[in-house]
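This briefing is for a reader new to the structure.

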Amino acid sequence: MKLLALDTSTEACSVALRLNDEVLALDEVCPQQHSKRVLPMVQQLLSDAGLTLSQLDGLVFGKGPGSFTGVRIGVGVAQGLAFGADLPVFGVSTLAAMAQAAQRLHQASQVLAAIDARMAEIYFGHYQLDDTGIMQLQGQEQAIRPELLPALEGSLNYTAVGTGWQTYGALLQQWQSAKSTDIMYPSARDMLTLAVPAWQAGSFVAAEQAEPSYVRDTVSWQKLPGR
């Protein structure tokens, strides 16, 4: 199994390559530089592995939520590469990828993932580890003001990931106590972990079917006086 994953949905730019059970990964925090960095990073990993795009089995991309521009860049680059090499694709949630990182790095089983969505909102998802070691979404991902999050049932040991916990930490900890981590951004490495079951299940699709997940479908813009 040879899969390439890339993500540009947040301030980080991440690329990872899976060769059977071996994973090569590059992660850089480079705000507003994704369009310049992602293709050289892809080329570097392929070169290090001695592979060409056409030798891959599929492409994995971060489908969001995150920056609108970043999500579009990631989906567009994945589609372009997939079209050129005639590869199927699969989109992975950025929130799910961070939850999977919490399992990989901290053996977490209950994860509260939150990305700062600006406009006083977060992109939020609650994930729980299943019997196969994969994080599964509980309920749905949403764009929401932190103070409007519904109460969680039970007193489980939750782990916190994402920039939302950095921006709204006091408010979120007051809502639900959770173990802090240094996981701020999604990594393509963890997207590969989530994509393997999809590959085995035949869930990859043609490049033209690649779709982003903005979660927040509309953005309110306020015109400046006199404009």
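**Cysteines and disulfides**

The count of disulfides comes to 0, where a disulfide is a pair of cysteine sulfur atoms within 2.5 Å. This is a predicted model, in which local features need pLDDT of at least 70 and side-chain atom pairs count only at pLDDT 80 or more, while totals for chains, interfaces and linings use all residues. Residues are numbered from 1 along each chain as its sequence is written, and side-chain values use heavy atoms, with hydrogens and water left out.

- A disulfide is a covalent bond between the sulfur atoms of two cysteines.
- The closest cysteine sulfur to that of C13 belongs to C30, and at 4.7 Å it is too far for a bond.
- C30 is likewise in no disulfide, its nearest cysteine sulfur being that of C13, 4.7 Å away.
- C13 counts as buried at 0% relative accessibility; buried means under 20% relative accessible area, exposed over 50%, and partly exposed in between, with a 1.4 Å probe and protein chains only.
- C30 is also buried, with a relative accessible area of 10%.

**The second largest pocket**

- The second largest pocket holds about 220 Å³ of space.
- Its lining has 15 residues, and those closest to the pocket centre are F90, V92, A96, M135 and L194.
- The terms rest on a 1 Å grid over the protein atoms alone: a cavity is a set of points where a 1.4 Å probe fits but cannot get out, a pocket is an open set with protein on both sides within 12 Å along at least five of seven lines, and lining residues have an atom within 4 Å of a point.
- Grid points are joined across faces, edges and corners, and the volume is the space filled by probe spheres set on the points.
- At least two lining residues come from each of β5 (89–93), β8 (135–144) and α6 (188–200); helices (H or I, at least four residues) and strands (E, at least two) are DSSP runs numbered from the N terminus.
- By type, the lining has 10 nonpolar, 3 polar and 2 charged residues.
- Here Ala, Val, Leu, Ile, Met, Phe, Trp, Tyr, Cys and Pro count as nonpolar, Asp, Glu, Lys and Arg as charged, and the others, Gly among them, as polar.

**Q110**

- Q110 belongs to strand β6 (residues 110–116) and is buried, at 8% relative accessible area.
- Its side chain makes a polar contact of 2.7 Å with that of H126 and one of 2.9 Å with that of Q128.
- A polar contact is a pair of N or O atoms within 3.5 Å; within protein, one must be able to donate a hydrogen and the other to accept it, and residues adjacent in sequence count only if both atoms are side-chain atoms.
- Not counting residues up to four places away in sequence, Q110 touches H126, Y127, Q128, L156, N157, Y158 and T159, with contact meaning heavy atoms within 4.5 Å.

**R18 and N20**

- R18 sits in strand β2 (residues 12–19) and counts as buried at 16% relative accessibility.
- A polar atom of the R18 side chain lies 2.8 Å from the backbone oxygen of N20.
- Beyond four places in sequence, R18 is in contact with M1, K2, L3, V23, L192 and V196.
- N20 is in the loop between β2 and β3 (22–29), and has a positive phi of about 55° although it is not a glycine.

**Other backbone features**

- M119, in the loop between β6 and β7 (122–129), has a positive phi near 50° and is not a glycine.
- M119 is partly exposed, with a relative accessible area of 44%.
- The peptide bond from G64 to P65 is cis, with omega near 5°.
- P65 is in the loop between β4 (58–64) and α2 (68–85).
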